[in-house]
Amino acid sequence: AGHTVRRQSAKRVLDELEFITKTFGIKSFMNSDDNFLATGKENLKEFLLGLRDRKLGLTWIFEDVGVMHLTKEKIDWLAESGCTYMGFAVETGVMRISKELIAGKPLRLDHSIEMMRYAQSKGIFCAANFIIGFPTETWDEVRESLLFAEKLNADYTRIHILVPLKNTKMFEMVEDENLLNERYDHFNQKATWKAGTIESRNYTSNDLTILKAMEWDRLNFSDPVKRKKIADWLRVTEKELLQRRRQTIDSIYRNMNQSTKSGVYKD
C-alpha cells in the first residue's frame with residue numbers, strides 16, 4: 001500500500017506457532033500476506049525451514065502468492081515446510097494490462113507456467129487468480145487472459161471481476177469516465193464481488209458476469225481428472241461438487257438480475 005513493511009523475526013513467529021500448537025492443538029494455518037515472498041531471503045529461509053525442523057506437524061496454505069518473487073529454491077522450502085496449497089496471484093494474461101494498470105506486479109507468462117509446474121511436481125495444490133474487466137480492457141483482451149488461464153492449467157482457477165476500491169488510481173479512472181453502475185457499493189460485498197460494477201464501452205457488466213460463470217465452470221470441471229482432484233482437495237464427493245457448481249452459477253445469475261439499469265456515460 002505504499003508504506004514500509006515492518007516484520008517480526010522468523011524465530012518469534014515460529015515460537016508463537018509452536019505455543020498455539022502445543023496449547024490449543026491447531027493442525028494447520030493460512031498465510032495471506034501479499035508481501036511474504038518479498039521478505040529478505042535469509043529470513044524467509046529461516047522461517048520455512050524452521051517449520052520443517054521444529055516438527056510441529058502443521059500443514060498450511062499460502063494465499064496471494066506473488067509470482068514474480070517465486071524461484072524453484074523457494075518452492076522447495078515451501079514444500080519442506082508443510083505448505084500444501086498455493087494461490088498464484090497471476091491477475092491477467094495480457095502484457096498491456098500488466099504494464100499499464102497493475103503496478104508492482106510485472107507479468108512474465110513463461111515464468112508463471114514454469115513455477116506452477118514445479119510447485120505441482122512437489123505435490124502442492126496450485127490455484128490461480130485472474131481478474132477481468134479492467135478499464136480500457138477490450139473484449140479480445142478479456143478472452144486472451146482466459147486463454148492464458150487455460151494454458152496455465154492450475155489445479156483450480158478463480159475468475160474475479162474487477163472491483164475498484166476507493167482512494168485508488170483505478171477508482172479515479174472509472175469514476176472520471178462515469179463507468180460505475182448502480183451495483184457498486186463499497187461496503188456491500190455480496191453485491192460487489194459476485195457481479196460486475198463497471199460498464200465498459202466494449203461490453204456490459206452482465207457480459208462479464210456470464211463469461212466469468214461459464215469459464216469458471218469450463219476451466220475447472222471439464223476434465224474428469226481435474227474435477228476429481230478438486231473434489232478431493234475440498235473433501236467432498238463429486239456429487240456434492242456438482243451441487244456447488246450449480247449453486248455458484250445460480251447465485252451469480254440471481255445477483256446479476258438484481259440490477260437492470262445500464263451504465264450512464266458522460267459522452
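**Entry 1: Asn31**

I started at Asn31, which sits in strand 1; helices (H or I, at least four residues) and strands (E, at least two) are DSSP runs, numbered from the N terminus. A note on the source: this is a predicted model, where local features need pLDDT of at least 70, side-chain atom pairs count only at pLDDT 80 or more, and totals for chains, interfaces and linings use all residues. Residues are numbered from 1 along each chain as its sequence is written, and side-chain values use heavy atoms, with hydrogens and water left out.

Is Asn31 buried or exposed? Its relative accessibility is 11%, so I put Asn31 down as buried. The cut-offs I used are under 20% relative accessible area for buried, over 50% for exposed and partly exposed in between, with a 1.4 Å probe and protein chains only.

Then I looked up what Asn31 touches, taking contact as heavy atoms within 4.5 Å. Not counting residues up to four places away in sequence, I got Phe36, Trp60, Ile61, Phe62 and Glu63. Asn31 and Phe62 are 31 residues apart along the chain, yet their C-alpha atoms are separated by 5.0 Å.

I zoomed in on strand 4 (residues 125–132), which pairs with strand 5 in the parallel sense over six bridges. Asn129 has Arg158 in strand 5 as its bridge partner.

**Entry 2: salt bridges**

I searched the whole structure and came back with 21 salt bridges, each a side-chain nitrogen of Lys or Arg within 4 Å of a carboxyl oxygen of Asp or Glu.

I checked Arg96 and Glu100, whose side chains meet at 2.8 Å, N to O. Both lie in helix 4 (residues 95–101), four residues apart, about one turn of the helix. Arg96 is partly exposed at 26% relative accessibility, while Glu100 is exposed with a relative accessible area of 53%.

Then Asp155 with Lys229: their closest N and O atoms are 2.9 Å apart. This pair links distant parts of the chain, as Asp155 is in the loop between helix 6 and strand 5, and Lys229 is in helix 10 (residues 224–234), 74 residues apart. I have Asp155 as buried, at 7% relative accessible area, and Lys229 as partly exposed, at 37%.

What does the Asp217 and Arg245 salt bridge join? The side chains meet at 2.9 Å, N to O. Asp217 lies in helix 9 (residues 205–221) and Arg245 in helix 11 (residues 238–257), so this pair ties together parts that are 28 residues apart in sequence. Asp217 and Arg245 are both buried.

I also noted a network of salt bridges that links Lys11, Asp15, Glu18, Lys22 and Arg54.

**Entry 3: nonpolar cores**

I counted a nonpolar core as a set of buried Ala, Val, Leu, Ile, Met, Phe, Trp, Tyr and Cys residues joined through side-chain atoms within 4.5 Å. The largest one has 61 residues, and the members touching the most others are Trp60, Leu70, Met86, Phe88 and Val90. Leaving aside neighbours within four places in sequence, Met86 has contacts that include Phe62, Leu70, Ile124 and Cys126. Apart from this core lies another, of eleven residues, with Ile102, Phe134, Met170 and Val174 among them.

**Entry 4: aromatic pairs**

Rings of Phe, Tyr and Trp (its six-membered ring) pair if their centres lie within 6.5 Å; planes under 30 degrees apart count as stacked, over 60 as edge-to-face and the rest as tilted. By this rule I count twelve aromatic pairs. Trp60 and Phe62 make a tilted one, 5.7 Å centre to centre with 35° between the planes, and both residues are buried.

Trp216 and Phe221 have ring centres 5.2 Å apart and planes at 80°, so I logged the pair as edge-to-face. Trp216 is buried at 11% relative accessible area, and Phe221 is buried at 4%.

Key: Pairing = 2+ DSSP bridges.
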